[in-house]
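Let's take a walk through a protein together, beginning with a ligand and moving on to a sheet. Keep the picture in view as you read.

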Amino acid sequence: MTDIIQLLPDNLANQIAAGEVIQRPASAVKELLENAVDAEATEIKLIVSDSGKSLLQVIDNGRGMSETDARMCFERHATSKIKNIEDLFHVRTMGFRGEALASIAAVAQVEIKTRRAEDELGTCIEIENSVVLKQEVCACNVGTNISMKNLFFSVPARRNFLKSNAAELRHIVEEFIRVSLAFPQIFFSFSSNGQEVFHLEAGNVKHRIIQILGNQYTAKLVSVKEETDYLNIYGFVGKPDTARKTRGEQYLFVNNRFIKSAYLNHAVMAAFESLIAKDSFPLYVLFIDLDPSQVDINVHPTKQEIKFEDEKIVYAFVQAAIKHALAQFSISPSLDFTLNPEIQQLEAVNKPFTGEKKEAATGSNLYKTFTQKHQAHFIEPDEKSELKHWKEFFTGSSGQAETGAEQLSVTSKQEENTKGSTQLQTTNYKPQTDSTFFQLRNTYIVATIEDGFLLIHQQLAHERILYERYTAAANGKQIPAQQSLFPVTLELAVADAALLEDLLPDLQVLGYTIGHFGKDTYVIQGTPADVLHGNEKHSVELLLEQFKHFSSDMKFSKRERLLRCMARQQAIKPGQALTQKEMQTLAEELFQCNTPNAAPNGNPAYLEFKEDYLERMFGK
Ligand code: ADP
Ligand code: MG
């Protein structure tokens, strides 16, 4: 038998290893930006074309490299950052594995120009497939200018694996934000396809957060700062009212390295408990600094996970620090009037509320009508009180109990519905033009049917209707659309703009007419007919929010997610009063659906109460 094991050729080994470090253009962005930071640059520019697929370039004014180093840096495990195992526990630089440049050179066409301040001339190297094509002396600025072209040109399988330009750009933006948030003292710029997307002047953390996330946060950030011998924490959390339905703006850095930690995220959330809705996420940009020997960043090649020597201490500390910051902010809620200087000027706010004034106020007619009305609402059922109508929907039913009809209990119906079985036939819904509908708590619609009544959940039912309508539209059926009365412009954060760009073709099919209007600005010219005038902008913003929220749900395609988000978003909400006509239309449209009994998420859209069931409940 012959031996069969061989060593892989270097460039193949490099390509395989590269896969771990460089998964997509954004991974290269992270590595190159971090190298520039490690080289102590004060200005770093990122330039990409085609979302990094054709060009990805980072220019820094850092330390530069000698001629030999410029050649060496592309070798695997070539690093200037650690020398022995001891060093590994004291790493203060972002990189230390010496793998990034070797990986990049294995999967792209790379050109580097670099010069140290003490050298008159720099070095220029071209390398491709890990093979040096050219090395020469050249004139160039101090610092390093590295560009990689045609990422994965030699690994078509990986190239094909890349997502749409918009999706890849989103990843790049995200990496850029992570690095630039961590180093606000460095100037960063980012250009994509010849347009400058970010221009971040050096400043402090708060300044940087606002530059990146938007001016609207200026008055919305609470400073967190606690120092101990063991660790320091600083940064900002958003005031509770900035909490969003999506886990968007949450950044945690340990020794300036962006990390993902469900555990520490939980610590932050716990500190916010009871201040924000359960399903919402607070903004935070937090930096934890501690002795590098207390953390192990060597867990994963892309280094987003981290192990702490004593995780529990860090958890408790993070939570306490944020609670402290939030408490300071909320013990004096009135100080929050600083948000609006005009309000603060008002006499009523400025002057203390004296006993005299109080008497005058409670004596006023306004006060009286207000309090009386309030009482009336609770004490005497007025003409339109809900109770009055209870009789009507019993008398509305014909009273012919269907013998042998399925004996339906609410719970069993629910179970069937969530399983998705279609109970359409068993629900004998006949639109009766003369029957009255009754709205309960502005949330449920009571509709009489021949042998009982239905309790329709207005939002879930409407979601079902819209979902089927949008699905039909996605399959080519024309959808009613409307022109906006006034085209509305929409300015988006860069990441959101990239997302919207990605969704535009689908949105078009679904009735939105949205045009690009320079940089990250869009114009909404038309919307599906369900969108209320004046609500165009909000509807798109909300859609993006929900889509992001949903985007972890990988079992659905992008289009399916969009359909579901749109249906959810456009559905009438609990709390909205409906007219007879609206309730009737809703009920009718629901029962024209293919699956009227459940909302897209599987929850029942209505419950059915049959007369025989009711009678049994009443012991008859
Ligand atoms: P690591 O960052 O883990 O050391 P890299 O492959 O990213 O590994 O880089 C290899 C080495 O090349 C670095 O240790 C550093 O000495 C040098 N280097 C890389 N990028 C730059 C840069 N922008 N400026 C100066 N030196 C650089
Ligand atoms: Mg590096």
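**Around the ligand**

A polar side-chain atom of Thr79 sits 2.6 Å from an oxygen atom of ligand 1; such a polar contact is a pair of N or O atoms within 3.5 Å. Before going on, please note that this is a predicted model, in which local features need pLDDT of at least 70 and side-chain atom pairs count only at pLDDT 80 or more, while totals for chains, interfaces and linings use all residues. Residues are numbered from 1 along each chain as its sequence is written, chains are lettered from A and ligands numbered from 1 in the order in which they are written, and side-chain values use heavy atoms, leaving out hydrogens and water.

For Thr144, an N or O atom in the side chain is 3.2 Å from a nitrogen atom of ligand 1. On its own, ligand 1 has 530 Å² of accessible area, and the protein covers 91% of it; areas come from the Shrake-Rupley method with a 1.4 Å probe. In total, 18 residues surround the ligand, and the closest are Asn35, Thr79, Ser80, Lys81 and Gly98. Here a residue counts if one of its heavy atoms lies within 4 Å of the ligand.

Now step back to the whole chain. It has 22 helices and 22 strands, where helices (H or I, at least four residues) and strands (E, at least two) are DSSP runs numbered from the N terminus. Of its 620 residues, 47% count as buried, that is, under 20% relative accessible area with a 1.4 Å probe, protein chains only.

Next, find the open sheet of four strands, with antiparallel pairing in the order β16-β17-β18-β22. Two strands pair if DSSP finds at least two bridges between them. Why is one side of β16 and of β22 left without a neighbour in the sheet? Both β16 (438-440) and β22 (606-610) stand at the edges with a single partner strand each, so one side of each has no neighbour there. Between β17 (residues 444-449) and β18 (residues 452-457), which run antiparallel, there are six bridges. Within this pair, Tyr444 stands opposite His457 in β18.

Helix α17 (residues 458-474) packs on the sheet, touching β16, β17 and β18, with contact meaning heavy atoms within 4.5 Å. Its direction makes about 80° with that of β18; axes are lines fitted to C-alpha atoms, for helices over the stretch in contact, and angles run from 0 to 180 degrees between N-to-C directions. Helix α21 (residues 580-590) lies across β16, β17, β18 and β22, at about 95° to β18.

Technical notes
Buried means under 20% relative accessible area, exposed over 50%, partly exposed in between (1.4 Å probe, protein chains only). A polar contact is a pair of N or O atoms within 3.5 Å; within protein, one must be able to donate a hydrogen and the other to accept it, and residues adjacent in sequence count only if both atoms are side-chain atoms.
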